[in-house]
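The tour starts at one residue and then moves out to the whole chain.

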Amino acid sequence: MAEQAPFDRALLLSRRRRAARRGGTGAEFLAGSVAAELSERLSLVQRRFETGADLGGSGGELSARLRAGGQIGHLVRMEGSLDLLSGESGVVADEEALPFRDESLDLVASALSLHLTNDTPGVFVQVRRALRPDGLFLAALLGGETLNELRASLLSAEAELEGGASPRVSPFPDLRDVGSLLQRAGFALPVIDQDRLTVRYGSMFELMADLQAMGMTSVLNARSRRPVSRRLFLRAAELYAERFADADGRIRATFDVVYVSGWRPHDSQQKPLRPGSAKASLAEALTPKA
């Protein structure tokens, strides 16, 4: 029997579409922050990209910033549904089945989308194939300890009240896992780092409202289908406040953003030295001069 995919992609698209319809809720801070960081990182690359693609940006924040930067001749925005494009021209496709020809793009960018793919290694390989030699892949994924406070509170409350617990917050990859995926996919000069954003709320319910507004509520196939009782949420909120509140009573929510970049290999790129080819030994460098 085939193993069940971790994420319900149809449900994810539905929730993204609902979040896009609501719009302007004030919950766009995360997408805006990540889009600003990715565009800033691209600005440090002294290079013009003739053709680029933005994968699954939903709100369009990243596309807007990349276009404003002036480094890209033509940027294609790709979304899972026509209404997510909000009247803007683009391509409708899924991140797990990229529609681009091999070696057709100079840049592929993605913000807060690829950590929810069922075959992330395969997506990374598709990105590399779509890039021309010396093309750049630049992305941000949620990872690390993202929403660990909410996960722990819900699990503890359900275990206490029901005698068992089901997953209610999606798992997120850690820094090393994403770095390994980048290397396994065949990218050259990989760079990976993580930035932590801590957001404070009056209660767990305010956090959950923001997650719903961002289309970030759980889409796990393994999630429980039973209706969640108000009692469970109230107890989870109590535990959250007990364990993860600051002195002023406001609770903390962690968002760890993993940033990655890598290039499709090209002969012009810097190569590591062959073992034994150094002109000076480490021993000589560490020997004190008289």
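Select Thr254 and show its neighbours. Leaving aside residues up to four places away in sequence, Thr254 touches Glu145, Thr146, Leu147, Asn148, Glu149, Arg196 and Leu197. The model is a predicted one, and the distances you see belong to that prediction.

Next, select Glu149 from that list of neighbours. Its side chain and the side chain of Thr254 make a polar contact, at 2.6 Å.

Now colour by secondary structure and return to Thr254. Which strand holds Thr254? The residue lies in strand S7, which covers residues 251–263.

Is Thr254 buried or exposed? Thr254 counts as buried because its relative accessibility is 6%, and the cut-off for buried is under 20%.

Zoom out to the whole protein. Strand S7, where Thr254 lies, belongs to a secondary structure of nine helices and seven strands. The C-alpha trace spans about 70 × 60 × 45 Å along its principal axes. Of the 290 residues, 44% are buried.

Show contacts across the chain. Taking contacts between residues at least 6 apart in sequence, 78% join residues at least 24 apart.

Keep the surface on for the next stop. The accessible surface comes to about 15000 Å², and carbon and sulfur atoms account for 52% of that area.

Last, colour by charge. How many positive and negative side chains are there? The protein has 37 positive and 37 negative side chains, and the centres of these two sets lie 2 Å apart.

Key
Residues numbered from 1 in each chain as written. Predicted model: local features only at pLDDT ≥ 70, side-chain atom pairs only at ≥ 80, totals over all residues. Heavy atoms only, no water. Helix = DSSP H or I, 4+ residues; strand = E, 2+ residues; numbered from the N terminus. Buried < 20%, exposed > 50% of the residue type's maximum accessible area, 1.4 Å probe, protein only. Contact = heavy atoms within 4.5 Å. Areas by Shrake-Rupley, 256 points an atom, 1.4 Å probe, with all protein chains shown as cover. Lys, Arg positive; Asp, Glu negative; His and termini not counted. Charge placed at Lys NZ, Arg CZ, Asp CG, Glu CD. Polar contact = N/O pair within 3.5 Å; in protein donor to acceptor, adjacent residues only side chain to side chain.
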